[in-house]
Amino acid sequence: MPDKQANNWSAEIEAVYLREGRELWALLYAQCSDSDRAYDALQEAFVRLQSQEVESIRNIRAWVLTVAQNWLRDYARRQNHAAKPADFLDNIVGKPADPSEDLQRNETNSRIRQALQQLRSEDREVLVLRYALGWSSKRMSIALNTSTSAIDMRLSRARKRLCEELEKVGIDHETV
């Protein structure tokens, strides 16, 4: 790649990192529950992106996300680590005045995490994209390189499986 093209490619990569990096990190964090590992996966994906040809990548953001997710899977296989719950996230908003409400909420959150851990990673992925990041089906279809109708079907099935898992741990729609 000539110097001028390489500089343009580096500038484009930097722009993608600045524009999309935080959101990509959040998606990776949702998969592994480890902020450092999610950051490492994101960095590894961007390092690998540097060596790619511009013409060979149709959607840089989707490419980076796929490479980072693959890196996380490989890491988990090598380390035999499973995703761990992030209990500290429950306390970010603040504590209610009543300790019994706090205890009940913590117990409910723990059971919800337990149910989420029983889902396949693909189900957790679409649920995080929709409900944690507020993505539309169209945006998810672009990022995951599939059709909007396939995303809607995945969401529907993921919600159904989550409901079944929530029922197993004793949570109904009124509890949440």
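This is a predicted model: local features need pLDDT of at least 70, side-chain atom pairs count only at pLDDT 80 or more; totals for chains, interfaces and linings use all residues.
Residues are numbered from 1 along each chain as its sequence is written, and side-chain values use heavy atoms, with hydrogens and water left out.

Let me turn to the aromatic rings. Rings of Phe, Tyr and Trp (for Trp, its six-membered ring) pair if their centres lie within 6.5 Å, and planes under 30 degrees apart count as stacked, over 60 as edge-to-face and the rest as tilted. By this rule there are three aromatic pairs. One of them joins Tyr17 and Phe46, and because the ring centres are 5.0 Å apart with the planes at 85°, this pair is edge-to-face. Tyr17 belongs to helix H1 (residues 3-32) and Phe46 to helix H2 (residues 35-50), so that the pair links distant parts of the chain, 29 residues apart; helices here are DSSP runs of H or I with at least four residues, numbered from the N terminus. Tyr17 is partly exposed at 30% relative accessible area, whereas Phe46 is buried at 8%.

Tyr29, with which I began, forms a stacked aromatic pair with Trp25, at 5.2 Å centre to centre and 20° between the planes. Both residues lie in helix H1, four residues apart, which is about one turn of the helix.

Which residues does Gln69 touch, leaving aside those up to four places away in sequence? They are Leu28, Gln31 and Glu125, where contact means heavy atoms within 4.5 Å. Gln69 itself sits in helix H3 (residues 60-79) and, at 7% relative accessibility, counts as buried.

As for cysteines, a search of the whole structure finds zero disulfides, a disulfide being a pair of cysteine sulfur atoms within 2.5 Å. Cys32 counts as buried at 6% relative accessibility, while Cys163 is partly exposed, with a relative accessible area of 44%.

Terms used
Helices (H or I, at least four residues) and strands (E, at least two) are DSSP runs, numbered from the N terminus. Buried means under 20% relative accessible area, exposed over 50%, partly exposed in between (1.4 Å probe, protein chains only).
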